[in-house]
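Take a walk through this model, from the whole chain down to single residues. Keep the viewer open as you read.

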Amino acid sequence: MAESQKLLEIKNLKKYFPIRTGFFRRVHGYVRAVDDVSFDLYRGETLGVVGESGCGKTTLIKTIIRAIDPTEGSIVLHGKNGETHDVATADKTTLRALRRDIQMVFQDPHSSLDPRQTVRDIIGEPLYVNGIAKKNEIDERVRELMAAVGLDPGYLKRYPHAFSGGQRQRIGVARALSLNPELILADEPTSALDVSVQAQLLNLLSKLQKQFSLTYIFISHDLTVVRHISDRVAVMYVGKIVEVGSTDELFIAPQHPYTEALLAAVPYADRSLKTKRIVLSGDVASPSAVIPGCKFHPRCPYAQERCRVEVPELRAAPGVDGRIVACHRAEELSLAGVKVPVG
Ligand code: SF4
């Protein structure tokens, strides 16, 4: 993808939480929630981020929007006019301006909306606070946003409890759109919804992406959802990105053993599409544990001596354009993916 299309450049991003114990609250270790993550994001694409619970997906996007401060690393945002800003080190005033370009859609539509605010206040508040619309213009803008996300603009004065889960998530999307952002960070936005409503929300997000030229980072533990919506997929394991590639290619021919294991766990209605069963031994490693070598080696069926001592760097994968992988044995392994391209 063209350099000029880069929207976000993340380099060596770390978020470590200190573990304090004892009377003096001394630090005796760290939870490495995000551990040296680097990737680029291009305008107009959807990057799906997958991995088991606790792998650092949510901490990653909270760090990107600076809801929490990173420990190290840079998050360079390329503006529409060619200017660049490092979100990681931006001061309060700059950060406030940058946050107009980066918005979040949250996982739980029931707890992410204030039950004491009307839909008008929820969607209109960012417009008012940021001085984008005057009081008398807000109703009109909120009606437009409600129509854009498929809500009846006549429900402007209703409270969140009057809406279904899917409709509440649409309110959350409308609020995220209100500042006309370039990038939306979606944190498991479909996981609290019924399957039929999930599909409607995914279709809505795709429609809005085209309509408003949006870029998404879409987090989910559900690989079928990620496959449906993403152009590229990044796989995370215990705070690290272990593989990134275009969705179809990565699903059909993974190059990291952890990606292979995740794909093997996807349930299919048609059993003939199922690949070999892979049962990983042990639990997901603790992000506070110091594991020498590859963090996946205690569970990897292909681990060798080198894997136990040497950390695999994220590097260009053999034979596939744009794929990066962190595995010593990527060249020699022939891993199983899913059998059908995305429909
Ligand atoms: Fe498995 Fe070794 Fe590759 Fe890690 S580096 S994923 S342990 S084969």
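This is a predicted model: local features need pLDDT of at least 70, side-chain atom pairs count only at pLDDT 80 or more; totals for chains, interfaces and linings use all residues.

Residues are numbered from 1 along each chain as its sequence is written, and side-chain values use heavy atoms, with hydrogens and water left out.

Start with the whole chain. Its secondary structure comes to ten helices and twelve strands. Both are DSSP runs numbered from the N terminus: helices are H or I with at least four residues, strands are E with at least two. The radius of gyration is 21 Å, close to the 20 Å that the globule rule gives for 343 residues, so the chain is as compact as a globular protein of that length. That radius is taken over C-alpha atoms, and the rule is 2.2 Å times the number of residues to the power 0.38. Along the principal axes, the C-alpha atoms fill a box of roughly 70 × 55 × 45 Å.

Next, burial. Of the 343 residues, 51% count as buried. Buried means under 20% relative accessible area, exposed over 50%, and partly exposed in between, with a 1.4 Å probe and protein chains only. The chain exposes about 16600 Å², and carbon and sulfur atoms supply 51% of that area. Accessible areas come from the Shrake-Rupley method with a 1.4 Å probe; for residues, only the protein chains shown count as cover. Now take contacts between residues at least 6 apart in sequence: 65% of them join residues at least 24 apart. A contact means heavy atoms within 4.5 Å.

Which residues are around the ligand? They are His-256, Pro-257, Cys-294, Phe-296, His-297, Cys-300, Tyr-302, Ala-303, Cys-307, Cys-327, His-328 and Arg-329.

Among the buried residues of α9 are Pro-257, Tyr-258 and Glu-260. What do they pack against? The partners are β3 (46-50), α7 (223-229), β9 (232-237), β10 (240-246) and α8 (247-252).

Aromatic rings come next. The structure holds six aromatic pairs. Rings of Phe, Tyr and Trp (its six-membered ring) pair if their centres lie within 6.5 Å; planes under 30 degrees apart count as stacked, over 60 as edge-to-face and the rest as tilted. The ring centres of Tyr-16 and Tyr-30 are 6.2 Å apart and their planes are at 45°, so this pair is tilted. Tyr-16 lies in strand β1 (residues 6-21) and Tyr-30 in strand β2 (residues 26-42), so the pair ties together parts that are 14 residues apart in sequence. Tyr-16 is buried at 19% relative accessible area, whereas Tyr-30 is partly exposed at 36%.

Tyr-258 and Phe-296 make another pair. Their ring centres are 5.3 Å apart and their planes are at 65°, so the pair is edge-to-face. Tyr-258 lies in α9 (residues 257-264) and Phe-296 in the loop between α9 and α10 (305-309), so parts 38 residues apart in sequence are tied together. Both Tyr-258 and Phe-296 are buried. Ring pairs also bring in Tyr-237, linking it with Tyr-258 and Phe-296 into a cluster.

Val-325 is found in strand β12 (residues 324-325). Its relative accessibility is 0%, so it counts as buried.

Phi of Arg-25 is near 50°, a positive value in a residue other than glycine. Arg-25 sits in the loop between β1 and β2 and is partly exposed at 47% relative accessibility. Phi of Asp-36 is near 65°, again positive in a residue other than glycine. Asp-36 lies in strand β2 and is partly exposed, with a relative accessible area of 34%.

Conventions: A residue is near a molecule or strand if one of its heavy atoms lies within 4 Å of it.
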